[in-house]
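Welcome, and thanks for taking a look at this one with us. Here is a short briefing to read alongside the coordinates, grouped by topic.

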Amino acid sequence: MGYVTRIVIIGGGPGGYEAALVAAQLGAEVTVVDRDGLGGSAVLTDCVPSKTLIATAEVMTTFDSSYEELGITVDEGGAADREARAIGVDLGKVNRRVKRLAIAQSHDITQSVTRAGVTVLRGRGRLGAGGQAVDGSREVLVDAPDGAVHSLRADAVLIATGAHPRELPDAQPDGERILTWTQVYDLEELPRELIVVGSGVTGAEFAGAYQALGSKVTLVSSRDRVLPGEDPDAAEVLEDVFRRRGMNVMGRSRAESAKRIGDRVEVTLSDGKVIEGTHCLMAVGSIPNTAEMGLEEAGVKLNDWGQIQVDRVSRTSAPGVYAAGDCTGVFMLASVAAMQGRIAMYHALGDAVQPLNLKTVASNVFTDPEIATVGYTAADVECGKMDAVVVKLPLRGNPRAKMQGIRDGFVKLFCRPGTGIVVGGVVVAPRASELIHPIALAVDANLTVEQVASAFTVYPSVSGSTAEAARQLHIRKRSHGES
């Protein structure tokens, strides 16, 4: 392919709009084809809305768990239960704020992209069936809202179309009682009895949030524990917290169907047991938005789940076609989608590029407490993929944690036994998403535990536990044979 000047990006989520900004900065003529609004599901129906909802839940949880210990009195008698304290949540008001912030964020992104000189077309994009033209360019067809079909030519195309919630055949959402995570923001009243099907990140986050807001929550997990893909020690802490707060966590329970009966919902499990609630949230994974886009006809290979196969610089199997974000299934995080999109543009436009390195990705589960991870994991160590020394330091001994009434959580660090280079870490704590950053820097820069331990930390601070864990690892790695 010759010199690239024309870029067409299909999808305006983090992978798409971040790529557009990079391509425009590098001097390309850029068009973004977007159907729902810039920001994609991350801004409109997923990350931004869910974390805004969770922000309200955090306030409720913090108050409920700490107000007496911190010396705060409520009402005349300092009532212990929420109803007696007359504290509650107006979910309709919360959801209106959620939607308002999401739309505002999408508007800000649109302004930023258009100021950079990017053209935004509303419609559904797909690759032209004719394959590559004589000049090596690609055709992108845009189905506009008015029914018209527009044809664009591009020297390189980026597919960043995201994914949508998976639905079970016998648990079809109706948007009122049986819901996907994109539909919960239309609720005006708090679900009295909420059944959450699925204990992955999405299920755990919503289960914890609605419990904090005042719903009676049942979490149905097909696996042995909640968050089966996360650090087992972290998942154990969270499940214990869930149960202590009154959540009904049903492990090894697979939902077969969900049906609405009037104002109730019945969920039938694979063992025949039936559980009832007022609402049911289905959080059973997602499906990439890759169907009917002309991908395979254009030579783009998909895997068995419909995800686009890409290499570490976001190239697909078709020349001139790149892909980024949830439609690739590489790592379903907005930050990874954005990085994939930027890398694609650097590569397509001939700029210096560093291939995607997933071992430096920091991720977070926005439960209470939060669970943040980076680098190699306990599973990697256990299976022999990485030889590492591990230290886990509970937060209950941290002075700042004591002051704040924090009892649950820990800092865990992994380092190489010989060099002491930090290769991974886990933080379970309030605001773990902020506390993971120094560990992510250490992993990215190949810092040693000595370097982490020698950096000053504020006293008192929860981050002091990271330095203390590094000091303990210094001793541990010496005991593994370092002279």
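Predicted model: local features only at pLDDT ≥ 70, side-chain atom pairs only at ≥ 80, totals over all residues.

Strands here are DSSP runs of E with at least two residues, and they are numbered from the N terminus.

- Is Leu127 buried or exposed? Its relative accessible area is 4%, below the 20% cut-off, so Leu127 counts as buried.
- Leu127 and Glu297 sit 170 residues apart in sequence, yet their C-alpha atoms are 8.6 Å apart in space.

**The open sheet**
- Five strands form an open sheet in the order S3-S2-S1-S7-S18, and their pairing is parallel.
- Which strands are at the edges? They are S3 (119-122) and S18 (321-323), each of which pairs on one side only.
- On average, neighbouring strands of this sheet are turned by 20° against each other, with direction ignored.
- Within the sheet, S1 (residues 6-10) and S7 (residues 156-159) pair in the parallel sense over four bridges.

**Nonpolar cores**
- The largest nonpolar core has 43 residues, of which Leu53, Phe206, Tyr210 and Leu281 touch the most other members.
- Elements that give two or more residues to this core include helices H3 (47-66), H5 (91-115) and H7 (232-244), along with strands S10 (193-197) and S11 (216-220).
- Helix H6 supplies the largest share of this core, with seven residues.
- Once neighbours within four places in sequence are set aside, Phe206 is in contact with Ser50, Leu53, Trp181, Val184, Tyr185 and Leu281.
- A second, separate core holds 28 residues, among them Ala372, Val427, Leu435 and Val449.

- Where does Ser221 lie? Ser221 is in the loop between S11 and H7.
- Ser221 has a relative accessible area of 1%, which means that it is buried under the 20% cut-off.
- The side chains of Ser221 and Ser199 make a polar contact at 2.7 Å.
- A polar atom of the Ser221 side chain also lies 3.4 Å from the backbone oxygen of Arg225.
- Leaving out neighbours within four places in sequence, the contacts of Ser221 are Ser199, Met250, Gly251, Arg252 and Ser253.

Definitions and conventions
Residues numbered from 1 in each chain as written. Heavy atoms only, no water. Core = buried A, V, L, I, M, F, W, Y, C linked by side-chain atoms within 4.5 Å. Buried < 20%, exposed > 50% of the residue type's maximum accessible area, 1.4 Å probe, protein only. Contact = heavy atoms within 4.5 Å. Pairing = 2+ DSSP bridges. Axes fitted to C-alpha atoms, helices over the stretch in contact; angles between N-to-C directions. Polar contact = N/O pair within 3.5 Å; in protein donor to acceptor, adjacent residues only side chain to side chain.
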